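Morning, everyone. Let's get it up on the screen.

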Amino acid sequence: NIIYEFEKNNLVFKYKRDGIDTSNQMGKIMLQFMSIVSQMERDIIIETTRAGADYRASIGKIYGCPPILGYDRIGGGKNSFIIINEKESKIIKHIYNSYLNGIGYKAILNDLNSRGFRTKKDKYFAIGTIKSILMNPIYAGMIRYNLYKDWEKKGRKGKQDDENIILVDGIHQNIISKSKWNKIQNKMKELKGIRRPITN
């Protein structure tokens, strides 16, 4: 990108150590060659990282995830694991039970925020937070992997279809039952398909 900006402004880039000089054709070829090698190295690192993460997930171990409400992380790196945080786990159970009893996302977050409860990052609860908690299989004692088909993509665009996502039993203790988690997923899918009437 920097070289492109240089060229737009009629500037050349010279790097003595590697013999790069964009004022001549040979220098441009050398730069392109180095870019290809760098991209290859980056792709190899991504694939290696993904393979390691997928393996850890496949045997029920957490990997590369942010702090999880309801759990505390013990240790670091490959040897880390999670244990239940008794105080926070009550919040998780309350969210699940409330939703199953027909209480909506906004009502749940308003209830939690008004009672002084906060997320793991000491933030107010938001609708996205409630949805994420309800959809996270980790609370049912499972690890989800193969969620993204392309690690270079962020957000929804890189997500796999539901049938391609893999769930395995984790080595951590569950906060809610699998049957309750499945009920939640079915209910969320059903409500997602219901269109609300447009009102003034």
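This is a predicted model: local features need pLDDT of at least 70, side-chain atom pairs count only at pLDDT 80 or more; totals for chains, interfaces and linings use all residues.

On the α4 side, the contact is made by Tyr-105, Ile-108, Leu-109 and Leu-112, and on the α5 side by Ile-127, Ile-130, Lys-131 and Leu-134. Sort the residues of that contact by class and you get seven nonpolar, no polar and one charged.

Helices α3 and α5 pack at an angle of about 90 degrees, with 10 Å between their axes. Here too the angle gives a roughly perpendicular arrangement of α3 to α5. Which residues make this contact? From α3 we have Ile-92, Ile-95, Tyr-96 and Tyr-99, and from α5 there are Ile-130, Ile-133, Leu-134 and Met-135. By class, that contact has eight nonpolar residues, no polar ones and no charged ones.

Let me zoom out for a second. The chain has six helices and six strands, and from the N terminus the elements run α-β-β-α-β-β-α-α-α-β-β-α. Of the 200 residues in the chain, 30% are buried. And if you take the contacts with a separation of 6 or more, 52% of them come from residues 24 or more positions apart.

On to the aromatics. How many aromatic pairs does the structure hold? It holds four. One of them is Phe-6 with Phe-13, a tilted pair at 6.2 Å centre to centre, with 40 degrees between the planes. Phe-6 is partly exposed at 27% relative accessibility, and Phe-13 is partly exposed as well, at 26%. Then there's Tyr-99 with Tyr-105, and that pair is stacked: 5.4 Å centre to centre and 10 degrees between the planes. Tyr-99 counts as buried, because its relative accessibility is 3%, under the 20% cut-off. Lys-187 lies over the face of Tyr-99, 5.0 Å from the ring centre. There's also a cluster, in which ring pairs link Tyr-71, Tyr-96 and Tyr-139.

Two more residues and I'm done. Thr-22 is in the loop between β2 (20-21) and α2 (25-58). Buried or exposed, what would you say for Thr-22? Buried, at 7% relative accessibility. Leaving out residues up to four places away in sequence, Thr-22 touches Ile-3, Val-12, Phe-13, Lys-28 and Leu-31. Thr-22 is also 16 residues from Phe-6 in sequence, and C-alpha to C-alpha they are 9.7 Å apart in space.

The other one is Ser-89, which lies in helix α3, residues 86-100. Ser-89 counts as buried too, at 4% relative accessibility. What does Ser-89 touch, not counting residues up to four places away in sequence? Gly-70, Ile-84 and Ile-175.

Methods
Residues are numbered from 1 along each chain as its sequence is written. Side-chain values use heavy atoms; hydrogens and water are left out. Rings of Phe, Tyr and Trp (its six-membered ring) pair if their centres lie within 6.5 Å; planes under 30 degrees apart count as stacked, over 60 as edge-to-face and the rest as tilted. Buried means under 20% relative accessible area, exposed over 50%, partly exposed in between (1.4 Å probe, protein chains only). A charge sits over a ring if NZ of Lys or CZ of Arg is within 6 Å of the ring centre and within 35 degrees of the ring normal. Contact means heavy atoms within 4.5 Å. Helices (H or I, at least four residues) and strands (E, at least two) are DSSP runs, numbered from the N terminus. Ala, Val, Leu, Ile, Met, Phe, Trp, Tyr, Cys and Pro count as nonpolar, Asp, Glu, Lys and Arg as charged, and the others, Gly among them, as polar. Axes are lines fitted to C-alpha atoms, for helices over the stretch in contact, and angles run from 0 to 180 degrees between N-to-C directions. Angles under 35 degrees count as roughly parallel, over 145 as roughly antiparallel, 65 to 115 as roughly perpendicular and the rest as oblique.
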